[in-house]
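Me: Let's zoom in on a single part of this one and stay there. Walk me through who touches what around the ligands, with the cut-offs spelled out.

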Amino acid sequence: MGLFLQLLTRGIITGSLYALLGVSWGIIYNTTRTFHFAHGFIYTFASYSILVFTWMSVPLIPSLLLGLFTATLAGCAVEYFAYLPMRKKSASQLSIFLTAMGIMIAGQSLIHLVFGPDSRPLEGFPEHVISLGTVTFTTVDLFTVLLCWIVIVCLFAFLGHTKAGMMIRAVSSNPEKATFIGIDSRRIFVLVFGIGSLLVGIAAFLSTIDKPATPNIGLGALLISFITVFLGGVGRLGGAVLGGIILGIAESLVIMVLPTEYKMMVIFLILFLVVLIKPEGLLGKKIA
Amino acid sequence: MLLEVRNLDVGYQGKQVVFGASLRVDAGEFVALIGHNGAGKTTLLKTICGYLKTGSGDVRYRGEDIRNLSPAVNVKKGLVFVHQEKSLFPNLSVLENLQLAAYAIGKAYNLEQRLKEVYRIFPILKDREKQMANTLSGGQQKQLAVGMAILVEPQLLLLDEPSLGLSPNLVKDLGNVLKEISNMGTAILLVEQNVKMAISLAQRIYVMRTGQIILEDTHENMMKRESLWDLF
Ligand SMILES: Nc1ncnc2c1ncn2[C@@H]1O[C@H](COP(=O)(O)OP(=O)(O)OP(=O)(O)O)[C@@H](O)[C@H]1O
Ligand SMILES: [Mg+2]
């Protein structure tokens with residue numbers, strides 16, 4: 001029982017982070033239907049940006065804000081300078097996907113080249129152990145869960161109650177109609193890439209205060225991002241949140257029966273089973 | 001002249017479907033364009049509003065060449081196109097759909113007052129304000145689509161088969177609403193399969209067959225015709 005509770009707690013912590021990763025990729029995919037493989041690079045980029053600012057002796061919080069800002073710009077730039085011109089030329093989904101993958105690989109190599117393969121810890125965040133009965137976690141964990149949910153709630157409030165949020169939902173629900181009523185979908189796309197990149201930057205920050213960054217952290221984050229979206233259901237951002245929680249808890253509890261090396265396999269197995277039974281994902285609607 | 005289309009050719013991936021189409025709509029005029037399935041009516045409307053690009057020919061709106069303008073720009077000029085199908089945002093509420101139409105234009109509307117006006121014309125939308133658009137009935141969805149268009153006070157309304165899928169009763173209601181919109185000074189270019197409805201409403205009628213406009217006549221002359229079958 002004690003072990004179960006401990007693992008469940010871990011699962012919720014991981015799941016919160018996965019939910020954040022899920023919405024960060026999901027808002028981009030749901031709106032633009034671009035398989036933004038380079039999201040993984042933005043994640044790594046955000047992490048290293050924050051690190052670079054701290055190395056320049058900028059305090060942690062300003063470093064975080066500056067890092068998030070550059071990551072957001074980088075995300076918008078990928079859309080504006082790579083995907084947008086391709087879409088304009090009616091490039092196929094596949095060629096856009098391959099470009100995205102190219103950016104991901106090139107970006108990752110560049111970071112490797114500049115910063116080397118070493119792990120780079122992000123220091124300065126107070127880490128203490130908190131024990132509640134048999135369950136222990138750290139201040140970093142607590143902060144992670146809190147920040148993830150605050151950010152997710154803010155995102156949903158933004159989408160639900162602001163003009164820009166409404167336009168994003170409009171473009172994702174009927175892009176053609178959006179054009180006809182006068183919404184400039186190109187601007188909405190750039191906006192959405194900015195938001196998604198900001199969110200993934202926050203996720204990168206949270207994981208870097210927990211585990212040191214390496215040039216290849218982005219791939220794992222990317223996999224989780226889109227698996228949660230397809231698990232939860234495309235077109236429904238709430239699905240990504242649910243998918244993230246389920247994956248986080250599942251991957252944590254699985255340790256009770258399997259060695260941790262099987263983590264990624266279990267995640268793909270869950271996705272496979274769900275998609276087999278309900279191809280549109282847990283909360284997704286059947287496409288007519 | 002509000003809208004003038006001259007010798008318009010349009011095609012998809014090299015396959016031409018509209019051949020040298022010419023038509024005009026004067027300010028405040030009610031014009032209908034009828035023709036069989038696949039004649040090219042939708043293609044023509046989509047070209048006028050800027051969604052499709054022309055091969056050759058002229059599209060002038062208020063005297064300005066608008067061939068290279070996007071629908072988003074044209075909407076802001078008062079040229080509003082209402083789609084044949086999928087003409088709303090299914091996952092958004094009725095009210096949000098209407099609000100968006102105004103927000104997208106970005107003009108400082110008196111939104112409250114415009115909403116009131118739309119609700120006066122389509123009272124059912126007021127009752128369904130909070131409901132998701134995709135849960136509306138077919139007829140209500142058409143009303144919402146037209147409602148979104150008139151919310152922004154267009155000068156020229158391009159309507160693509162608004163009567164599609166409506167029962168005879170609703171078609172009549174819709175006809176009355178279009179008449180009212182027209183009487184308020186909005187010019188309408190109505191594309192219809194429902195020939196009777198189109199002819200009874202419009203002041204001038206164009207007939208389109210396999211990509212060409214083969215006839216233009218007045219309401220009076222069209223009403224006098226024994227049969228319309230020879231046109232199709
Ligand atoms: N996106 C497209 N790609 C290729 N061909 C198209 C496309 N859209 C329409 N067409 C073709 O262009 C022709 C005209 O189609 P259009 O939709 O303009 O007809 P319509 O008069 O509106 O018909 P309906 O009354 O059935 O709506 C048709 O032969 C159609 O198959
Ligand atoms: Mg049509």
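Reply: Start with B:G40: one of its polar backbone atoms sits 2.9 Å from an oxygen atom of ligand 1. That's a polar contact, meaning a pair of N or O atoms within 3.5 Å. Keep in mind that this is a predicted model, where local features need pLDDT of at least 70, side-chain atom pairs count only at pLDDT 80 or more, and totals for chains, interfaces and linings use all residues; side-chain values use heavy atoms, with hydrogens and water left out. Residues are numbered from 1 along each chain as its sequence is written, while chains are lettered from A and ligands numbered from 1 in the order in which they are written.

Side chains join in too. An N or O atom in the side chain of B:N37 is 2.6 Å from a ligand 1 oxygen, and B:Q84 puts a polar side-chain atom 3.0 Å from an oxygen of ligand 1. Altogether, 13 residues surround the ligand, the closest being B:N37, B:K41, B:T42, B:T43 and B:Q193 (a heavy atom within 4 Å counts as near).

B:Q84 also turns up at the magnesium ion, ligand 2: its OE1 and OG1 of B:T42 are the protein donors, 1.8 to 2.3 Å away. Donors here are N, O and S atoms within 2.8 Å of the metal (3.2 Å for Na, K and Ca); water isn't among the atoms, so a site may look incomplete. B:T42 belongs to helix α1 (residues 41-48) of chain B, and B:Q84 to the loop between β6 (79-82) and α3 (94-105) of chain B, so the pair ties together parts 42 residues apart in sequence. Helices (H or I, at least four residues) and strands (E, at least two) are DSSP runs, numbered from the N terminus.

As for burial, B:Q84 is buried at 18% relative accessible area, whereas B:T42, at 22%, is partly exposed. Buried means under 20%, exposed over 50%, and partly exposed in between (1.4 Å probe, protein chains only).

Technical notes
Polar contact = N/O pair within 3.5 Å; in protein donor to acceptor, adjacent residues only side chain to side chain.
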